[in-house]
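User: Hi! Could you walk me through the salt bridges here? Let's start with what the terms mean.

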Amino acid sequence: MLRTFRLLLHTRRTKALVASLESQAEIMTHLLNIGPGHTDKKTERIVKKDSEFSRLIKMNLFLIFFLRDLQFALNDTLSERNRSKQDFYARHLAIIVTDFFDKYGPMLNMGVRQEIRNSQNANLSAALNETEVAFKKLKKVDDAYLRDIRNAVAAHRDIDPIVQIVQFEKLNADRVCKAGHDVSAICSNLMVFWTVLIKSELTK
């Protein structure tokens with residue numbers, strides 16, 4: 001009964017978050033002038049004139065789309081009662097999480113770290129430092145584990161069935177979901193950084 005209640009609560013939160021993300025995506029695509037019905041001439045001018053603004057919008061859109069898919073994968077894994085199907089969803093979730101590990105550095109290295117530190121916003125800088133620490137800790141603990149799962153039994157890159165059997169035995173859906181939740185929190189923080197920088201560009 002308690003598990004059913006938790007799953008119901010998680011599903012409702014997922015639906016609410018996905019709805020919010022899709023709403024944000026509409027706003028971002030509107031600002032980029034790649035969506036239907038765009039008539040904001042002022043925004044249109046900003047996007048064309050300021051490539052930095054356009055870059056920030058695109059990075060935020062990437063995070064929105066990524067976080068939406070992550071929530072779907074988390075919900076599927078947590079709500080599935082059939083063990084084989086749950087493991088299947090967990091393997092897909094492992095692919096998403098390891099992809100984020102690979103993209104985290106390049107995303108922040110595109111001048112974002114310096115922009116945040118130059119913003120003279122102490123709270124934002126502190127939040128960035130906390131996010132960096134959380135990411136490094138998560139990657140240190142789960143990167144190798146999740147990559148082995150991804151390579152052997154999710155993306156099927158290794159054709160050795162013995163390797164696959166070993167990884168199937170190591171697969172722990174709860175551990176993969178924990179990593180997914182941690183990535184979700186980090187991703188949400190990154191969206192805050194990009195949103196603040198976007199607003200700053202709009203006021204210039």
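Analyst: Happy to. Buried means under 20% relative accessible area, exposed means over 50%, and partly exposed is in between (1.4 Å probe, protein chains only). This is a predicted model, where local features need pLDDT of at least 70 and side-chain atom pairs count only at pLDDT 80 or more, while totals for chains, interfaces and linings use all residues. Residues are numbered from 1 along each chain as its sequence is written, and side-chain values use heavy atoms, with hydrogens and water left out.

User: Great, how many salt bridges does the structure hold?

Analyst: Seven, counting a side-chain nitrogen of Lys or Arg within 4 Å of a carboxyl oxygen of Asp or Glu.

User: Which residue does R147 pair with?

Analyst: R147 bridges to D102, with the closest N and O atoms 2.5 Å apart. R147 sits in helix α6 (residues 122-154) and D102 in helix α4 (residues 83-109), so the pair ties together parts 45 residues apart in sequence. Helices here are DSSP runs (H or I, at least four residues), numbered from the N terminus.

User: And is R147 buried or exposed?

Analyst: R147 is buried at 17% relative accessible area, whereas D102 is partly exposed at 38%. D102, D143 and R147 are also linked in a network of salt bridges.

User: Switching over, what about R175 and D142?

Analyst: Their side chains meet in a salt bridge at 2.8 Å, N to O. R175 belongs to helix α8 (residues 173-202) and D142 to helix α6, so this pair connects parts 33 residues apart in sequence. D142 is buried at 6% relative accessibility, and R175 is partly exposed at 33%.

Terms used: Helices (H or I, at least four residues) and strands (E, at least two) are DSSP runs, numbered from the N terminus.
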